[in-house]
Amino acid sequence: MSAIPAADSFDVAVVGGGPAGATAATHLAQQGHSVLLLDRPGNIKPCGGAIPPRAVQDFEIPDELLCTSVNAARMISPSDRRVDMPIQDGYVGMVDRAVFDEWLRERAAREGAEWRHGTFEELVEADGGVQLTYAEGRGGRDAVRHRVWARTVIGADGAKSAVGRQAVPGSTDIPHVAAYHEIIEVPAETDDRFHPERADVYYRGSISPDFYGWIFPHGETASIGAGSAVKGFSLRSAVDELRREADLTEARTLRREGAPIPMEPLQRWDNGRNVVLAGDAAGTVAPASGEGIYYAMVGGQRAAEAAEKALHSGDGAALAEAERAFTREHGQVFRVLGAMQRFWYANDKRRERFVRICTDPDVQSLTWDAYMNKRLVRARPLAHMRIFFKNIAHLTGLAPA
Ligand SMILES: Cc1cc2nc3c(=O)[nH]c(=O)nc-3n(C[C@H](O)[C@H](O)[C@H](O)COP(=O)(O)OP(=O)(O)OC[C@H]3O[C@@H](n4cnc5c(N)ncnc54)[C@H](O)[C@@H]3O)c2cc1C
């Protein structure tokens, strides 16, 4: 293995330059480590692009990266009840992933990470670390192959991670929702069925039998999409339906694309020696909402901190701290959202009730506070009590539908 030159040997190799990998690489480079950031070029991540203010604050995202800020959500029920949820004192930021991800990678490079365009292929443990093989660019049979060596690898190569498959047992068992969206050009004139500062969320079995459909504005464009884990369910037909609903059928379609969304975090992100996963590779997308950008960045940060501990102590067991830290911070929210998804998204009757409880001002303000600030609010115990009893009434069918 000594054939690998020093210029190709790193403290940490980060595979994947999305929100998780770029955040990890930035942190490690800032701490003075030698870091490789390997990212397959030429892909725009299919994504609705909604991020909370907490992501903007915690990860120092400049305002110009927000292509728009949303100030309300509209929840739409199976019977077409429309409940508007205005945001008090806050917003949902919308990012264009082509611009956002590139900026994150550039920041990592500015901080000192070595950013290479390549496609990870294989890893083997060697000389107390890991030897990685990657192909230049997007790979393919004729692409030039390179070998590098790193003491630690962070696998941030997204859902169905190749690093995870090769190094972390259990990572191939993460359940997924298939998601599909179309990016359209917003026409010059729209009516109230689409608003450039409102996110519309459709809860209806014909749009998704187990998840939801969305229309998210991105300034001059919009993302119209749906997700489902049900095999054979036509997400394209669902998006056609959404476009008809919003009178956007004739709008110009710029891109059609899909990708899996992981629905359950791994219980173990690392191999106990020299590989740790982060972001979608570790399954950290919030159930019920499908929110993954912020959690990928947090996961990237925690993986980087755990990698640092492992580097300093020489003990790969420290990598397990990434999962533990993430679960301490967000495990409870993920459990609550998982239970909500299983219950409220089960059928149209329940979806109808779910949208109905969104009319409640307490539900609205606590939902937004929890989304924007990423904490379960303890400041208003009475409101919590009221919501708790209302939820029980709905869950048990005692409340009128
Ligand atoms: C249709 C859809 C809509 C969504 N909407 C939202 C939303 O509105 N808000 C939200 O918060 N989340 C949303 N999500 C989820 C969110 O996109 C992900 O959770 C988030 O992108 C995860 O970040 P990541 O860095 O872990 O992975 P990714 O963003 O997937 O990044 C992985 C990176 O690894 C690279 N890579 C992959 N394989 C290799 C390889 N072999 N070698 C080298 N590089 C590789 C890729 O090119 C990519 O740059 C949505 C997802 C989908 C599919």
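Visitor: Is alanine 288 buried or exposed?
Guide: This is a predicted model. Alanine 288 lies in the loop between strand 16 (275–277) and helix 6 (293–313). Buried means under 20% relative accessible area. At 5% relative accessibility, alanine 288 counts as buried.

Visitor: What is the phi of alanine 288 near?
Guide: Alanine 288 is a residue other than glycine, and its phi is positive. The value is near 70°.

Visitor: Where is aspartate 89 found, and is it buried or exposed?
Guide: Aspartate 89 belongs to the loop between strand 6 (82–86) and strand 7. Its phi is also positive, near 50°, in a residue other than glycine. The cut-off for exposed is over 50% relative accessible area. With a relative accessible area of 80%, aspartate 89 is exposed.

Visitor: Which strands stand at the edges of the open sheet of three strands?
Guide: The order in this sheet is 3-7-4, with antiparallel pairing.

Visitor: Which residue in strand 7 is the bridge partner of isoleucine 51?
Guide: Strand 3 and strand 7 (residues 92–95) run antiparallel and are joined by two bridges. Within this pairing, the partner of isoleucine 51 in strand 7 is glycine 93.

Visitor: How many residues of strand 9 are buried?
Guide: Strand 9 covers residues 129–136, which is eight residues, and is mostly covered. It pairs antiparallel with strand 8 (residues 114–126) over eight bridges, and with strand 10 (residues 145–155) over six bridges, again antiparallel.

Visitor: Which residue takes a positive phi in the hairpin of strand 8 and strand 9?
Guide: The hairpin has two residues between the strands. The positive phi is near 50°, and the residue that takes it is aspartate 127.

Visitor: Which residues is histidine 330 in contact with, leaving aside its neighbours within four places in sequence?
Guide: Histidine 330 is in helix 7 (residues 321–344). At 3% relative accessibility, histidine 330 counts as buried. Beyond its sequence neighbours, the contacts of histidine 330 are Tyr294, Tyr295 and Val298.

Visitor: What is the radius of gyration of the chain?
Guide: The secondary structure comes to ten helices and 16 strands. For 401 residues the globule rule gives 21 Å, and the chain comes close to that, so it is as compact as a globular protein of that length. The radius of gyration is 22 Å.

Visitor: What share of the contacts with a separation of 6 or more is between residues 24 or more positions apart?
Guide: Buried residues make up 56% of the 401 residues in the chain. Among contacts with a separation of 6 or more, those between residues 24 or more positions apart account for 69%.

Visitor: How far apart are the centres of the positive and negative side chains?
Guide: The chain has 47 positive and 54 negative side chains. The centres of the two sets lie apart by 6 Å.

Notes
Residues numbered from 1 in each chain as written. Heavy atoms only, no water. Helix = DSSP H or I, 4+ residues; strand = E, 2+ residues; numbered from the N terminus. Rg over C-alpha atoms; globule rule 2.2 N^0.38 Å. Buried < 20%, exposed > 50% of the residue type's maximum accessible area, 1.4 Å probe, protein only. Contact = heavy atoms within 4.5 Å. Lys, Arg positive; Asp, Glu negative; His and termini not counted. Charge placed at Lys NZ, Arg CZ, Asp CG, Glu CD. Pairing = 2+ DSSP bridges.
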